[in-house]
Amino acid sequence: MALLLCIAPAVAQPVTPPAHYANVQLADPAKEASARALMETLRCLVCQGQSIADSDADMAADMRALVRERIERGETPASIRDWLIARYGDYVTYDPPLSGLTWPLWLAPILLLVIGGWIARSSFRRRVR
């Protein structure tokens, strides 16, 4: 039983190879630059703190391959970005659009600055007295 438990993680590893364009650059430097620029703006859904260009996660590799394949076919980065947002949601981008679901993300920094200014102002007033 102990041997089976030791072997289980090795069996759980994926055996499928990554997609062709996951770690291979496009032949056209202009298309690769366009794909790379788009990949820098897309968040890895597994790592969440890295872009898909920098992440080593399998999902990020699949997304890199998808971006490169679509760029190779002639799609624009904007249309690919829109397709990924439709598929994975606004969270896939580092710059989510202003909408009913994302307004707290845009409002929170402003609200925190106002609260911080109010606390600083009241603190300075107490010191003057």
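Which side chains meet in a salt bridge at 2.9 Å, N to O? They are those of Arg68 and Glu32. A salt bridge here is a side-chain nitrogen of Lys or Arg within 4 Å of a carboxyl oxygen of Asp or Glu. Bear in mind that this is a predicted model, where local features need pLDDT of at least 70 and side-chain atom pairs count only at pLDDT 80 or more, while totals for chains, interfaces and linings use all residues. Residues are numbered from 1 along each chain as its sequence is written, and side-chain values use heavy atoms, leaving out hydrogens and water.

Back to that pair. Arg68 sits in helix H3 (residues 58-72) and Glu32 in helix H2 (residues 29-40), so their contact ties together parts 36 residues apart in sequence. Helices are DSSP runs of H or I, at least four residues, numbered from the N terminus. Both Arg68 and Glu32 are buried; that means under 20% relative accessible area, with exposed being over 50% and partly exposed in between (1.4 Å probe, protein chains only).

Searching the whole structure turns up four salt bridges. Another one joins Glu40 to Arg36, with the closest N and O atoms 3.9 Å apart. These two are four residues apart in helix H2, so about one helical turn separates them. Glu40 is partly exposed at 35% relative accessible area, and Arg36 is partly exposed at 34%.

Then there's Glu75, which pairs with Arg73 at 3.4 Å between the closest N and O atoms. Glu75 is partly exposed at 26%, whereas Arg73 counts as exposed at 57%. Salt bridges with shared partners link Arg70, Arg73 and Glu75 into one network.
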